[in-house]
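Try each one before reading its solution.

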Amino acid sequence: MHVSLSEIQTTVCKAAVAVGLPLGLGEDAGRAARWMMASGVGSLAAFVDALDALDKGRSTGFDADRAIAGDFGPKPAGRLLSALRAGPSACDLVASAPSTDLGYGRITLTDVDVPIVILFEALVASADMDKGQCVAWNAGRGGAIEAVCWRGSLALIKGAPEDLLATDSAEITMHLVAREPRVPAITVDRRIQRDAVEIDEATWRRVTTYGDRLLVEATETSRLTGAGAGVIDTD
Amino acid sequence: MTAQALTVTPEAKMRPPAEVMRLARMGASFQTRISFMRRLIRRMHRERWRIERTRFDLDDEGYGTALYVVTTRERCYSLVCFAHYLEPERRTDRVIAEAWDATFSLFDGVPTDADIDRLAKQTPKQEAGRFQASELVMSRANKSLRLFGRVVDSLAQGGQPDPDAIDAVGYLMRTTAVYANGKFGMADRTRYADRPELAPPYQAEMLTVYLIRGFTLDLVEHLARRRAPDRAVTLDRRLKRHLGIGNATGLGMAPFLVSHPVLIHNWFHARETALAKVRSLEVATPDRRVRFRALLAQAERHVAEWNVDDELQTARIAALREGLRLLTEWTAEGSEIFQGPAPWDALYRRAEGAVSIEGQELLVSLLLEPYPELIDELGEALQVDREEAFDPSMTVAEMRAIVDRHYAWALAVDFGDPRESQYFWYYSTEKIEPRRGARRDEPGAEKEMQIAVARDVQALRVALGERPGDEIMAAFLMRHAELRHVARRVQIGARYAYAEIQDNIIAASCSPIDILRGKLAFFGVSKFDPKSDLWTRITMYQGAPLDDELDRGDADDWCFPVKPVIEPCTSH
């Protein structure tokens, strides 16, 4: 089915809030999903997997004290690290690295549930930076992935676009990049929407079903508070 | 008209956000030269857009399909109209409706027959339909039962409808929603945001409504002609022009304003800059004074014809009439106010102390009118086509400082008082309609929309106070992810002075129609007709030129529409 980019952004944001993420993280998830779909790389199913992992309790957040030093691990241990929870903070940390002891050093995210989500969080974050963010992981059978997000463009240094969709959890490393990569980049131009963002209905239903949890059951009292006259309008 | 000298820089005359962004003032707003409908009509006039009715397959009852093609400077757009039979028991303005008298799609280009066949299946379903990127806007409208049939009857009998009846209602149909920007699979705004004609905010939506107005006028004439082919007459042009399109507007606009702070800043900042420019003028030249007085007189007539059932608004209109009387007195030819420096500024300051807020805001609208060369360019940059970056390297100390400097209004709210958190806003299971509930009496508060900016800012400020000042926000938000959205918002608020409604919108004292009116005034609507503190009826394009009048010299001269004077017909 045809779905617009703004529908993807708002629907993923609502779904993220519905599974218990704070609004700010939901907003970041929505933007990343939009950029992923606009790029033509990736699949919305990746975000739905990340939502499922949080909702089912397979994934969790991180220990802030360790994360500040660049070590994002799942807390409590034994679960996966939620990309939706950790991604925005990891991107913040890389972006602000020059203000910290981290500098151009690497940060590590252990046992990330859906690695590609972090990549697109970094892509969004890079749009307004004067430097880049490098994201790397080992995608199991797909081999090594290394990508540089540079001012809204994605340069795949190692690996192929189809490798990004490998569904295995992985350890991710990220670091600040000072120079623009010389590899041809996949540009995500925010002014241009591809004519058709097609999503299979089952995936779309999965994400919208989460968002529906935020709706409040109608009552007779609430029905009176919408715009318009009574139930029948003879005006 | 000649260029105008300024006494001071306009910035010195800017009204502060703490004054402008209050609900009481937003709820007293009027359209101005930079309102979106005004801008669209000016462009249509300037670029000589052509509107053609290329299909009108409606039966004797007025049901069927019509197509209007708009040719702009570089491309075409088409309004595809479907007119339906609507069972009386299904007739409602509410968003929760599932059937309408007419449904519409604005198509990007000229649709093929196959496109129209596809839309014939989808458009009447509205929110339950599915659209493509070739569709820019979707809308629907219902007939005004007070007026529609009456107009058809009069025309079929060879006479004109009563101008008083036309004026009392102001429209033949009311739209009950106008959707765009990617809703239901339609084109994202990013797809057309770089087109000059659609780049400013809401131009696709405003174009749709303008075309719907033309369709409603054609529809009544068609029905009259089919009923009495030999006797029916066309609607008098002056009456046509006095018919706009109605709308019932509810709570959905309020969360929109809260969730688009930069956009809102752009709108209000542009209007305030416009006002400041006029107030900074050293002199008011005779030609501008003449123009101002003419518009003031027209505004007086317009307000004299503005009658509503709502008691509060009726009292406010009475105060407005008195305010306009004073303005007329103060600006009469030879008035001393024009003898001194910066006369428009003097007039505004005098009004501040003597007329109601609604009178002051109408004065704002009037002051901008005589100065198109100063004002109209300000409407060129009202849109927002990029998201604001968050600065994670900002320190906690810096963040505290901008909260304290820019959000004092939010920190002043006493949330210990239960009245300050009286309401919660939410989306209903019924067609995702935005609604407001009483927090302590109605279920669902745990699912409330997160639009209580004052409450969130207070939470942020408390948490900031517990962390070391040199900690960067990246680290702070690792511990406080629940504050991420408001931290981002505060950084925006520090950059954009008019980004926030500076009132607590979950308070018992919050009247949502104030928020609605603030936004609707930027659309360019008139005749606000509050039906409760939750929703209002309005009129769009009343007085605007018809599609065959767009090349006339007075195409922009419709800001305060007044009832036309029609000679009584003695033969019907």
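**Exercise 1.** Describe the contact from both sides, then look at what chain B brings to the contact.

*Solution.* Start with the counts: in this predicted model, chain B puts 60 residues into the contact and chain A puts in 49 residues. Next, find the elements on the side of chain B that touches chain A: α7 (189-192), β7 (244-249), β8 (423-427), β9 (434-438), α20 (473-479) and α21 (484-495) each supply at least two residues. Then pick out the top contributor, which is α20(B) with five residues. Finally, sort this side of chain B by residue type: 21 are nonpolar, 18 polar and 21 charged.

**Exercise 2.** Work out how chain B is divided into domains, and how far apart their centres lie.

*Solution.* First mark domain 1 at 36-250 and domain 2 at 282-370 of chain B. Then take the centres of these two domains over C-alpha atoms: they are 35 Å apart.

**Exercise 3.** Does the radius of gyration of chain B agree or disagree with that of a compact globule?

*Solution.* Begin with the expectation: for 572 residues, a compact globule would have a radius of gyration near 25 Å. Chain B has 25 Å, so the two agree. For its extents, the C-alpha trace of chain B spans about 85 × 60 × 50 Å along its principal axes.

**Exercise 4.** Summarise the secondary structure, burial and contacts of chain B.

*Solution.* Count the elements: 22 helices and eleven strands. Turn to burial: 52% of the 572 residues of chain B count as buried. Last, consider contacts in chain B with a separation of 6 or more: 76% of them join residues 24 or more positions apart.

Methods. Residues numbered from 1 in each chain as written. Chains lettered and ligands numbered in written order. Predicted model: local features only at pLDDT ≥ 70, side-chain atom pairs only at ≥ 80, totals over all residues. Contact = placed C-beta atoms within 7 Å. Helix = DSSP H or I, 4+ residues; strand = E, 2+ residues; numbered from the N terminus. Nonpolar A, V, L, I, M, F, W, Y, C, P; charged D, E, K, R; others polar. Domains from an automatic or database assignment. Rg over C-alpha atoms; globule rule 2.2 N^0.38 Å. Buried ≥ 20, exposed ≤ 12 C-beta atoms within 10 Å, placed from the backbone.
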